[in-house]
Amino acid sequence: MSTPHDAAPLHEAQRRRSFAVISHPDAGKSTLTEALALHARVISEAGSVHGKGGRQGVVSDWMSMEQARGISITSAALQFEYRDCVINLLDTPGHADFSEDTYRVLSAVDSAVMLLDAAKGLEPQTLKLFDVCRHRGIPVLTFINKWDRPGREALELCDELVERIDLQPMPLTWPVGSPGHFQGVLDVPTGQFVRYARTAGGAKAAPEENLSPDEAEAEVGEDWTTAREEYDLLLESGGEFDEERFRDATATPVLFGAAVLNFGVRHLLDLVVDLAPRPVPREDADGAPRPLDGEFSAFVFKVQTGMDPAHRDQVAFARVCSGVFERGMVVTNATTKRPFATKYVQQVFGQKRSTVDTAYPGDVIGLVNATALRVGDTLYSGKPAVRFPGLPQFAPAHFAVATPSDLSKAKQFRKGIDQLGAEGVVQLLTSDLRGEGAPVLAAVGPMQFEVATHRMEHEFNAPVKLDRLPYSAVRKLGDSSQRSIVDAGRRSEVLDRADGTELAVFEDEMSLRILLRANPELELEPLLAEG
Ligand code: GDP
């Protein structure tokens, strides 16, 4: 944004809204992203972000592996202006093999939009991501998508939120017309009927018509009355809008729509502007909030290598937490205490890159050729120094022993493995049973292993052999003196993570229970998404 650099960061921070969409694959995240961007007019034609259906898009093809699979495994941020706000929409890769990257993005946002498919409701990946939001206290807006198709009842979907994730729905719109016969919505704040009109292919912002309740009753009759009655039922069960409950993440505003037809998309954008939290001072590692208008500071939440196949570069994505970022400024990396020059800074989304000159709290900057930066690093300028807490590591579900395919490359192997561990591509574990020479790689999603194997071969010139371990259940060992109990189990062992956590891993929940039954004194703690 080309605002003069002396503009007050406080003012700029106030108009930032930084959020991510959390959803299960196929719920319509790409479609919604396109629709939001289209509505805000950053791209002229729906389809140019994602490029589905043969349209030339900016779908990321940074790695050949991605190309082969036709999916995106990278995260970045799309920035656009809407009303008087600057919206940063951070991408969470939604593939079924999603990895820790997806979770980490949530450390860089101030809110999330939970996108549900009206026919499916809460799905496994949505639940996992929602868990992380809840753990971090991130407020969630809910968009129930695909209302143009036959699906479940609105009341039933709302009940599901209460019953399965203890989240009170507070609808701000209510669908008029059953799923598949979507005519528009009851706009709760005004009580009016907002009627949608279809446009060819949904490529343009959907025209809306506002009708008073009387007009609505006269024109759509029963569907309107039903919508009113259903909404009233929800009100009785605590669905009245309460901003405080949204902010403390115990309740969620709910909208209904159809992203593919641009129905409900304007409502969502307005809601993001009106309601989504703006950046607040982030606490440093000692718990002291860093004032938004202090000196520049940011933290790295993602490092992506090989984004540009022509120059195997490395981009570190950082979220600005305070002050004004200006391209070219020299900042300090709090981990190494070394200066870092920021000449090459970009906004990256898909293949589209543009140079960033200035950024404010809430924005995401992509630091190109940032080989010295690691996930979790803090960057700052001036004094005093600041260091933000490290990013959480998540419970891995996949484990593999790594060995060099070519034993003469042991040195490159070690260097590469350590680098991947430091970047957070995989978690690096060691075990008493195997020793340092045979590190265990652990991942939330198996695709992390593919990225690791690819990079070991092509970047570090040290092809690796991965032998998968049969573990699928993991807990944190509560008491170090009990290591031997787990190590002695036939289907379990203890693996040490670089952050000092002792992970007790088991072939399955059954073998865990058997060991616990034989050793009731064993202290095991859950390890989902620890902070
Ligand atoms: P993603 O995997 O979450 O990014 O989902 P996509 O945006 O790729 O959408 C998955 C499929 O659902 C595509 O075929 C979309 O055209 C379709 N889709 C998305 N939104 C809607 C909607 O509102 N209504 C209908 N009927 N289909 C939709």
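Predicted model: local features only at pLDDT ≥ 70, side-chain atom pairs only at ≥ 80, totals over all residues.
## The chain as a whole

The protein chain runs to 531 residues, and 48% of them are buried. Its secondary structure comes to 14 helices and 31 strands.

Take the contacts in the chain with a separation of 6 or more: residues 24 or more positions apart account for 69% of them.

## Around the ligand

So who sits by the ligand? There are 17 residues around it, and Gly28, Lys29, Ser30, Thr31 and Ala258 come nearest. Helix 2, covering residues 29-39, supplies the largest share of this shell, with three residues.

For strand 6 and strand 11 (residues 251-256), the sense is parallel, over four bridges. One detail to look up in the viewer is methionine 170, whose bridge partner in strand 11 is proline 253.

## Helix 7 against helix 8

Two packed helices are described by the angle between their axes and the distance between those axes. For helix 7 (residues 213-220) and helix 8 (residues 222-236), the angle is about 130° and the axes are 6 Å apart. The two helices therefore count as oblique to each other, since angles from 65 to 115 degrees would be roughly perpendicular and those over 145 roughly antiparallel.

Which residues of helix 7 and helix 8 meet? On the helix 7 side they are Ala216, Glu217 and Val220, and on the helix 8 side Asp223, Trp224 and Thr225. By class, this contact has three nonpolar, two charged and one polar residue.

Most residues other than glycine have a negative phi, and most peptide bonds are trans. A few spots in this model go the other way.

Alanine 249 is not a glycine, yet has a positive phi of about 65°. Alanine 249 belongs to the loop between helix 9 (243-247) and strand 11. With 18 other C-beta atoms within 10 Å, alanine 249 is partly exposed. Asparagine 461 also has a positive phi, about 55°, without being a glycine. The loop holding asparagine 461 lies between helix 12 (447-458) and strand 27 (464-469). Asparagine 461 counts as partly exposed because it has 13 C-beta neighbours inside 10 Å, and a residue is exposed at 12 or fewer.

Then there's a cis peptide bond, from lysine 383 to proline 384, with omega near 0°. Proline 384 is in the loop between strand 23 (378-380) and strand 24 (398-404).

## A closer look at aspartate 487

Aspartate 487 is in helix 13, residues 483-488. Is aspartate 487 buried or partly exposed? It is partly exposed, because 14 other C-beta atoms lie within 10 Å, while a buried residue needs 20 or more.

Setting aside neighbours within four places in sequence, aspartate 487 is in contact with Asp432, Leu433, Glu493 and Val494. Aspartate 286, on the other hand, is 36 Å from aspartate 487, C-alpha to C-alpha, and 201 residues apart in sequence.

Conventions. Residues numbered from 1 in each chain as written. Near = placed C-beta within 6 Å. Pairing = 2+ DSSP bridges. Contact = placed C-beta atoms within 7 Å. Axes fitted to C-alpha atoms, helices over the stretch in contact; angles between N-to-C directions. Parallel < 35°, antiparallel > 145°, perpendicular 65-115°, else oblique. Nonpolar A, V, L, I, M, F, W, Y, C, P; charged D, E, K, R; others polar.
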